[in-house]
Number of protein chains: 2
Amino acid sequence: MEEKHEALVKELQERLSREQVTVNETALEQHGGDESYHSPNLPVCVAYPKTTEDVQQIVYMAKKYGTPVIPYGRGTSLEGHVIPHGGSITVDFALMDQILEVRENDFLVKVQPGVTRSQLNKELKKYGMFFTVDPGADATLGGMAATNASGTTSVKYGVMRDQVRDLEVVTADGAIIHTGSEAEKSSSGYHLNGLFVGSEGTLGCFTELTLRVYGIPESIMAARVSFSSVADAVDGVVSILQSGIEIARVELVDEPSMQQVNKHMETNYKESPTLFLEFHGNEAGLKQDVEFMKAIMEEHACVSIEFEHDTAGRTQLWEARHNLAYAYVHGFPGKKLMVTDVCLPISGLAGAVAHAREELNRLELTGGIVGHVGDGNFHVLLMMDLNDPEEMRKAAELNENIVRYALARGGTCTGEHGVGIGKQKYQQEEHGPALLVMKKIKQALDPHGLMNPNKILTADTGDESNEAARTY
Amino acid sequence: MEEKHEALVKELQERLSREQVTVNETALEQHGGDESYHSPNLPVCVAYPKTTEDVQQIVYMAKKYGTPVIPYGRGTSLEGHVIPHGGSITVDFALMDQILEVRENDFLVKVQPGVTRSQLNKELKKYGMFFTVDPGADATLGGMAATNASGTTSVKYGVMRDQVRDLEVVTADGAIIHTGSEAEKSSSGYHLNGLFVGSEGTLGCFTELTLRVYGIPESIMAARVSFSSVADAVDGVVSILQSGIEIARVELVDEPSMQQVNKHMETNYKESPTLFLEFHGNEAGLKQDVEFMKAIMEEHACVSIEFEHDTAGRTQLWEARHNLAYAYVHGFPGKKLMVTDVCLPISGLAGAVAHAREELNRLELTGGIVGHVGDGNFHVLLMMDLNDPEEMRKAAELNENIVRYALARGGTCTGEHGVGIGKQKYQQEEHGPALLVMKKIKQALDPHGLMNPNKILTADTGDESNEAARTY
């Protein structure tokens with residue numbers, strides 16, 4: 001270890017405690033990578049803060065030694081967010097995992113960043129409430145805020161950014177700020193909530209979150225609807241959305257993915273393109289919605305509709321969907337996961353999904369298509385052999401062609417996984433001159449590049465000549 | 001006129017056209033103030049851009065002559081947003097009032113910033129759709145985005161920020177950027193949409209907006225529920241929210257305000273504290289919700305419930321609410337309007353409204369209390385004689401006490417009207433060290449202070465010593 005790093009670790013251990021800072025090789029390896037195909041890289045040390053003040057001390061040390069800080073939740077990133085760039089301190093929030101407050105009358109909770117979504121939902125159930133955002137992984141809420149995660153319910157309840165009323169953040173200069181308030185809405189000052197959610201650790205470390213929660217609806221109805229083609233399924237969703245029926249969740253799972261579901265979950269679902277649907281409301285309203293939904297699905301030549309009337313059946317259905325990425329991982333031992341993540345206006349969705357399937361066929365790759373089709377977001381799940389350069393090349397080509405297809409149609413390169421390392425190369429194309437605005441913000445708030453450097457924005461921050469300002 | 005300003009106007013007229021830039025005294029006066037009690041101040045000239053490129057030329061000229069730019073919609077601000085600070089170019093978007101595109105399948109529209117909400121809704125009606133945000137005034141959509149406006153429907157559909165998918169913005173250096181995309185969600189790059197919405201012209205001029213729109217619901221039911229006290233009415237709302245019934249709109253109108261409504265609208269509504277309510281859904285669901293709502297209201301000792309079954313009755317009900325500020329203005333000729341605008345967690349609402357009434361009584365001021373109580377936001381409407389210093393002092397004291405009450409309980413000094421000039425003095429107290437982050441962003445994106453200077457943030461931008469960073 002470099003002399004500078006030895007001194008850093010020693011001082012960190014003095015300021016926190018010996019047990020809270022480790023250079024154990026296994027710990028470093030556990031924190032060097034994520035769940036994706038991105039190449040790992042070891043941090044200098046892993047620090048486990050217990051308080052906001054611990055995080056502040058870590059940031060002070062980062063500044064003193066010029067060693068960057070990488071916030072780490074559960075390492076479930078799919079785009080390399082937690083992979084250190086050069087020598088870095090990884091800040092693991094495992095010891096900051098307390099649910100601090102549940103204020104049912106205000107529909108809000110306060111949590112530490114290391115709380116996972118399943119942990120929060122277990123607690124909220126006691127109050128008849130739930131937290132809406134559900135990415136597949138049981139990620140931490142801090143991590144979910146950092147990437148603006150979403151999931152199956154965002155079509156009704158919105159994405160992570162919509163749930164955040166306030167973040168406590170330790171910024172690059174060690175200040176402790178609050179980005180919002182406890183009020184449900186505000187027009188006061190710049191909307192820092194919106195800016196910090198999705199900033200992927202590049203503007204500071206989140207140390208507390210105030211989140212919006214919802215009452216569990218009176219009635220819930222889930223269904224699986226099978227089609228003979230993916231196109232019919234997607235057209236069906238678009239028709240439901242246009243009919244005014246409020247969908248709470250809608251997921252598309254294609255035929256190969258249904259096979260993986262059955263294999264991994266030991267279910268016996270029909271192996272054809274399927275929509276997983278859920279509706280929330282009161283009993284009478286739901287009954288009317290479901291009848292209308294059935295009529296629309298039949299118009300779109302659905303093959304079968306099966307309802308899940310009880311909680312157990314519903315739970316199994318959504319677990320099947322949530323475990324799909326793991327089903328692929330377990331189904332292809334030795335391979336690594338690449339997941340595409342574009343989102344585009346809903347009218348372009350059917351074409352985009354068809355294009356993705358054509359590309360899979362053309363490149364002779366094996367992969368499944370799934371997605372949160374209610375908001376125009378879908379994924380291709382691909383298992384890659386990292387030792388097969390030709391397969392790697394093809395996978396990269398697939399990802400790139402899917403992104404360019406979406407960008408050409410008003411879409412985005414990432415609907416919910418974030419930029420991390422994997423989507424940096426599309427930032428200029430997607431954001432154009434707005435990228436310079438982002439770089440100026442990063443430069444202003446983190447002038448020494450200490451907060452998760454080389455994520456979202458590339459390292460050449462802030463020194464571009466500004467073409468727009470060249471003449472007047 | 002100063003020589004510098006003469007040269008500026010001349011060059012602006014050359015770059016746009018003679019008719020698009022005026023120094024006519026009446027025009028200057030029309031653009032020097034807003035609808036509030038804030039003291040007006042005349043701009044140097046008023047420019048009427050027709051295109052984004054016109055706005056870019058204006059910003060280039062602003063930079064060349066060091067003369068700031070003030071974007072102007074309809075002048076319906078209540079906090080002095082459009083009042084020039086020193087010699088400025090007011091940019092009136094009246095000629096940029098085109099609805100550019102309605103994409104019903106994608107639930108989005110593209111509009112120029114000068115389009116008003118009523119103009120948009122008139123067009124959307126043809127498609128069976130509507131735009132949800134409805135502040136009282138028929139403001140422009142550009143202005144509504146600039147202040148993150150909301151209104152009666154935000155309890156269900158969210159505020160202005162929730163509707164903005166993309167803004168085209170001319171920034172301080174004359175660059176034309178897009179802050180988002182056409183996709184419904186994204187995790188790509190920093191969330192500039194969120195930052196620019198509510199930035200009140202201090203980060204750039206909006207030249208095009210891409211907005212989320214909704215289908216008109218199958219069934220709508222509106223009701224007026226009268227109570228013998230404001231406290232009962234507020235408690236009633238909180239109970240409905242907690243019951244899980246999805247309210248689409250809910251407004252509290254107190255007794256003095258109901259009197260103004262009847263006087264101004266020639267209605268014959270009961271003159272007691274009243275909730276105006278609306279529910280959206282399918283027929284069966286709505287019927288169940290309304291029955292449940294009635295039961296809850298009766299538990300809270302409501303005096304009467306009257307339903308509006310047809311469109312005409314509903315329209316009259318909401319017009320009554322929307323025209324309330326004008327009812328006060330017309331009811332007190334010669335006086336000026338001051339409107340408080342705090343928002344706080346819903347559990348604090350009943351106490352805050354009671355406190356506001358006590359303060360009105362203590363200070364012997366005449367005013368009405370109204371508000372979007374579903375999200376914890378309420379207003380005191382006060383008419384002030386600007387020539388009566390004692391009344392002015394008392395009104396300022398009322399506003400201040402209401403703000404401090406809210407801030408002490410996790411609330412915000414402005415729920416929807418914005419900071420402008422009027423709420424600047426509370427920014428430090430509300431945001432603490434986060435205010436420095438806002439100032440750094442302003443400094444990075446508008447280093448010469450050309451974009452609506454001295455709004456939101458005070459002029460002493462960016463040069464504070466940073467206490468947090470002082471030691472490590």
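## A salt bridge between the chains

In this predicted model, the side chains of B:Lys185 and A:Asp375 form a salt bridge, with 3.2 Å between N and O. The count of salt bridges between chain A and chain B is 8. On the side of chain A that touches chain B, helix H17 (residues 434-445) of chain A provides the largest share, 8 residues.

## The interface of chain A and chain B

The contact between the two chains draws on 93 residues from chain A and 92 residues from chain B. About 6,900 Å² of area is buried between chain A and chain B, and carbon and sulfur atoms account for 57% of this area. Across the same interface, 50 residue pairs are in polar contact, both residues of each pair being at pLDDT 80 or more.

## Domains of chain A

The domain assignment divides chain A into domain 1 (3-95), domain 2 (99-215), domain 3 (219-325) and domain 4 (334-423). Between domain 3 of chain A and domain 4 of chain A, the C-alpha centres are 22 Å apart. Their contact involves 17 residues from domain 3 of chain A and 16 residues from domain 4 of chain A.

The area buried between domain 3 of chain A and domain 4 of chain A is about 1,200 Å², with 68% given by carbon and sulfur atoms.

The side chains of A:Arg357 and A:Asp254 meet in a salt bridge at 2.7 Å, N to O.

On the side of domain 3 of chain A that touches domain 4 of chain A, the elements giving two or more residues are helix H9 (230-243), strand S13 (249-253), helix H10 (255-265) and helix H13 (324-331) of chain A. H9(A) gives the most to this side, with 6 residues.

An unreviewed UniProt entry annotates residues 2-29 of chain A as a "coiled-coil region". In the model, the chain over residues 2-29 of chain A is 64% helix and 7% strand, and its end C-alpha atoms lie 18 Å apart.

## Confidence in the model

The average pLDDT of chain A is 93, and 97% of the residues score at least 70. Over residues 461-472 of chain A, however, pLDDT stays under 50. For that stretch the model has 20 contacts beyond four places in sequence.

How values were computed:
Residues numbered from 1 in each chain as written. Chains lettered and ligands numbered in written order. Heavy atoms only, no water. UniProt positions renumbered as here; feature names shortened; annotations may be inferred. Helix = DSSP H or I, 4+ residues; strand = E, 2+ residues; numbered from the N terminus. pLDDT = per-residue confidence, 0-100. Contact = heavy atoms within 4.5 Å. Domains from an automatic or database assignment. Buried area = accessible area lost by both parts, 1.4 Å probe. Salt bridge = Lys/Arg side-chain N within 4 Å of Asp/Glu carboxyl O. Polar contact = N/O pair within 3.5 Å; in protein donor to acceptor, adjacent residues only side chain to side chain.
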